[in-house]
Amino acid sequence: MKSLCRALLVMNVLYCLLAAFQEGVPGWHMFESVEPLGHELRDRDWRVVDVRDYLPRGANLVDRGELRKIVAFVCERERARAPFHYIEPGTGLDVTLGAEGSGPKGCIVHADR
Amino acid sequence: MPTAEGLRARLRTLERFDAHAVIRFLRLFGAALVVDVVTEVMAGVWHVHTGKLYPWRNLGIVPLYPASVLAIEWALRAAAGLMLVMGARHAKVLSAAVRIAAPGLFIAVLERYSNHGVLLFLIAFFLTLAPLDVTAPSFGERDQPALGLVRAQLAIVYVFSAANKLAHGFAGGHSLSNLFGSALPQGATQVLSVLVIATELALPLVLLRWPRVGLAGVVAMHVGFAALVPGVASFGLAMIAMAVLFAAPSPSRRSSLALPG
């Protein structure tokens with residue numbers, strides 16, 4: 001039992017080292033890099049859409065990439081309110097999403113910023 | 001030097017545990033499991049599985065299962081937690097509880113990845129490795145390597161969390177500024193950020209040398225986190241549970257819960 005536990009401990013530490021150096025590998029990352037997430041999403045009637053209404057309560061959004069995926073989810077789910085206007089003041093991104101006849105790909109936020 | 005000698009003596013008995021502390025750890029861990037389920041219910045995770053909400057933290061390895069299966073998952077995890085809270089002294093109850101909790105938590109992590117989910121799973125998994133019987137005679141005099149893994153996990157979480165924060169520039173305070181918005185001034189977030197890193201690095205050593213002081217530090221830090229950041233209460237409870245395990249086996253009182261006769 002002792003040798004099994006020691007082997008598990010070594011594997012555990014080695015995995016944590018890998019996760020520390022390899023981007024995208026889940027590890028003990030806790031609020032270490034919260035990006036500025038200022039944004040605005042409006043529907044075709046220019047009403048503001050709060051993306052938090054589409055997340056579990058208390059979900060801590062820390063990553064701009066994930067924010068954009070949630071925006072795409074909202075656009076896809078609420079097609080009746082499309083097209084959507086999505087703005088990120090911090091990056092200068094200003095796009096229209098879900099335009100008529102654009103299909104599912106029309107909701108994806110394509111941006112290199 | 002007495003401090004160094006004390007630390008060396010502590011290191012020699014690193015896999016020995018006080019039975020009373022183990023009971024408290026198991027009950028707190030059980031409470032963390034229950035709080036985790038309650039938090040998910042209150043947060044509306046149900047609607048993640050009905051498709052109404054974004055598939056939050058789904059890793060994409062296993063597709064989200066229907067909400068009816070989620071109800072079973074929640075029931076099993078909550079039952080395991082309650083069994084630990086109420087039956088931690090009974091070896092069979094404890095064994096059944098961790099065997100229910102570990103696979104349930106593993107599936108939950110695949111469905112909805114979270115740090116607290118991983119932590120709860122690891123604790124449950126470590127507890128399945130060796131059957132625990134805290135009422136056994138001389139429990140405190142025998143090595144408990146699986147509990148040693150649980151205690152080591154606390155140090156791993158704090159040290160790697162601090163290291164990752166240092167590597168990503170967390171000490172500058174911008175992450176907390178972005179997290180809290182204008183609720184805290186920039187100067188305060190910078191001080192708080194440095195304090196968090198320093199505390200995370202110091203706590204494992206303090207727990208090893210001065211367990212009560214360390215436990216107070218862990219409680220203070222996680223109560224603070226829970227007050228400021230939503231959804232982290234079960235993580236804090238699990239960390240407090242592990243910190244309780246640092247209590248040294250006391251020679252001044254019986255270290256097992258064996259019944260007389």
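Predicted model: local features only at pLDDT ≥ 70, side-chain atom pairs only at ≥ 80, totals over all residues.
How many salt bridges does the structure hold over all chains? The count over all chains is 18.

**Figure 1. The interface of chain A and chain B, by area and contact.** Contacts join 37 residues of chain A to 43 residues of chain B. The two chains bury about 3,600 Å² between them, and carbon and sulfur atoms account for 65% of this area. Of the area that chain A buries against chain B, 22% is supplied by A:Trp28, A:Met30 and A:Glu32, more than by any other three residues.

Figure 2. Between chain A and chain B, 19 residue pairs are in polar contact, with both residues at pLDDT 80 or more. On the side of chain A that touches chain B, the elements giving two or more residues are helix H1 (2-21) and helix H2 (64-77) of chain A. H1(A) provides the largest share, 11 residues. By class, this side of chain A has 22 nonpolar, nine charged and six polar residues. The number of salt bridges between the two chains is four.

Figure 3. A:Arg6 and B:Glu15 meet through their side chains in a salt bridge, at 3.8 Å from N to O. Both residues belong to a network of salt bridges that also links A:Lys2, B:Arg16 and B:Asp143.

**Figure 4. A:Arg47 and A:Asp43 in chain A.** The side chains of these two residues form a salt bridge at 3.2 Å, N to O. A:Asp43 counts as buried because its relative accessibility is 2%. A:Arg47 has 46% relative accessibility and therefore counts as partly exposed.

**Figure 5. B:Arg112 and B:Glu40, a pair between distant parts of chain B.** The closest N and O atoms of this salt bridge are 3.1 Å apart. B:Arg112 lies in the loop between helix H5 (91-111) and helix H6 (115-129) of chain B, while B:Glu40 lies in helix H2 (residues 19-43), and the two are 72 residues apart. B:Arg112 is buried, at 7% relative accessibility. B:Glu40 is also buried, with a relative accessible area of 12%.

**Figure 6. B:Arg77 and B:Glu73 within one helix.** This salt bridge has its closest N and O atoms 2.3 Å apart. The residues are four apart in helix H4 (residues 67-87) of chain B, so about one helical turn separates them. B:Arg77 is buried, with a relative accessible area of 2%, and B:Glu73 counts as buried at 7% relative accessibility.

Conventions:
Residues numbered from 1 in each chain as written. Chains lettered and ligands numbered in written order. Heavy atoms only, no water. Contact = heavy atoms within 4.5 Å. Buried area = accessible area lost by both parts, 1.4 Å probe. Polar contact = N/O pair within 3.5 Å; in protein donor to acceptor, adjacent residues only side chain to side chain. Nonpolar A, V, L, I, M, F, W, Y, C, P; charged D, E, K, R; others polar. Buried < 20%, exposed > 50% of the residue type's maximum accessible area, 1.4 Å probe, protein only.
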